[in-house]
Amino acid sequence: MLKALSYVQKIQPYIPGKPVKEVERELGIKECIKLASNENPLGPSPLVIEEIKKFISNPVEIARYPEGSGYYLKNALCEFFSKKGCSITHNEIILGNGSNELIDIAVRTYMAPGDEAVMATPSFVVYPMSVTSQGGIPREVPLKQSRHDLQEMLGQINEKTKIVFISNPNNPTGTINYSKEFDSFMKALPEGILVVVDEAYYEYVTDPDYPKSLDYFKEGRDILILRTFSKAYGLAGLRIGYGVAKKEIITEMNKIREPFNTNSIAQIAAIAALSDEEHLKKVVEINEEGKKYLYRELDRIPQIKYLPTQANFIYILLPDDTTSKEVFDYLLRYGIIIRPVGARQIRVTVGLPEENKAFIEAFRNFYRRKQ
């Protein structure tokens with residue numbers, strides 16, 4: 001009997017948020033509200049749509065392979081960072097099928113079976129999955145006060161450690177680690193370890209004490225900074241992200257990266273998205289307004305607690321007499337899809353005003369029903 005590798009058998013498959021069309025079909029609901037996957041409720045910039053329409057109007061372009069090096073998108077990223085006072089070259093950027101792919105490439109580049117990677121828990125579930133799939137060992141350190149316990153993570157490092165993952169803001173809690181503690185961590189980190197800083201929600205952060213990870217890149221540290229166009233830029237369906245690191249790291253990762261790993265439409269869409277700063281500003285403003293509304297309304301439900309967020313989702317802690325599955329199933333009947341992330345924790349994406357209101361009304365009804 002054919003069997004997968006022993007460490008592959010240990011992996012629990014990633015379960016994505018329930019698709020809107022599937023819920024509508026199963027429950028006979030006409031219009032569902034999806035607040036499960038931290039997608040941008042506004043969608044991409046109108047400039048993105050225009051560029052996509054231009055591209056698909058030429059069938060010859062569709063028949064050709066993508067620009068394998070991502071030359072024009074890398075140009076746009078270099079200009080983007082230059083405006084922010086950071087000089088980055090093409091050979092310090094790697095493009096990925098979402099930043100998710102870059103996590104996997106980093107693991108395959110720097111880890112062999114038996115090597116270890118340190119990460120927080122709960123955090124992005126792909127980190128331990130990717131490490132385990134390579135035959136590596138994930139060292140998961142519980143959060144402290146809902147944030148990465150960087151000191152304990154340092155304590156878990158040994159001669160087998162090859163990578164440290166830091167999700168900042170953290171998914172699913174929406175919390176961040178601050179500049180001083182991050183700086184102390186980087187100063188104490190032994191040489192020869194890659195720090196993967198996952199900044200998928202970077203654009204939503206408003207706290208001025210958020211670490212400037214690019215400063216460590218400029219110092220020549222072994223750091224890989226991951227960002228994505230899936231969240232604030234609204235391109236989740238096109239799957240494109242990027243990583244920034246020194247040339248030596250990117251060169252090695254490109255040996256593992258598959259040819260043509262980012263498609264043509266995703267590349268041109270990302271270029272257009274970067275150019276529309278006004279749309280991004282609007283996205284962030286709507287997110288901030290939504291957070292304030294949700295905080296206010298959640299405060300009126302005495303049974304639950306939540307964590308203030310620096311991302312576009314809120315981590316809600318349910319009381320002892322409530323399971324996340326109960327809440328998920330109840331809200332689903334109202335056509336509202338949220339994400340259970342633990343036995344008594346749910347994660348809810350900040351949506352448009354009417355979506356946030358619908359969630360609050362249904363969530364409040366759930367607790368009225370239990371009284």
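Is the crossing of helix 6 and helix 7 left-handed or right-handed? The crossing is right-handed, meaning that the near helix is turned clockwise from the far one by less than a right angle. Bear in mind that this is a predicted model, where local features need pLDDT of at least 70, side-chain atom pairs count only at pLDDT 80 or more, and totals for chains, interfaces and linings use all residues. Residues are numbered from 1 along each chain as its sequence is written, and side-chain values use heavy atoms, leaving out hydrogens and water.

Two packed helices are described by the angle between their axes and the distance between the axes. Here the axes come within 9 Å and cross at roughly 35° (lines fitted to C-alpha atoms over the stretch in contact, with angles from 0 to 180 degrees between N-to-C directions). Contact means heavy atoms within 4.5 Å, and these residues make it:

| Helix | Residues | Contact residues |
|---|---|---|
| helix 6 | 98-110 | Asn-100, Ile-103, Asp-104, Val-107 |
| helix 7 | 126-133 | Val-126, Tyr-127, Ser-130, Val-131, Ser-133 |

They divide into five nonpolar, three polar and one charged.

Now the whole chain. There are 15 helices and 13 strands (DSSP runs: H or I, at least four residues, for helices; E, at least two, for strands). The radius of gyration, taken over C-alpha atoms, is 21 Å, close to the 21 Å from the globule rule for 371 residues, so the chain is as compact as a globular protein of that length (the rule is 2.2 Å times the number of residues to the power 0.38). The C-alpha atoms fill a box of roughly 60 × 55 × 55 Å along the principal axes. Of the 371 residues, 52% count as buried (under 20% relative accessible area, 1.4 Å probe, protein chains only).

Technical notes
Nonpolar A, V, L, I, M, F, W, Y, C, P; charged D, E, K, R; others polar. Buried < 20%, exposed > 50% of the residue type's maximum accessible area, 1.4 Å probe, protein only.
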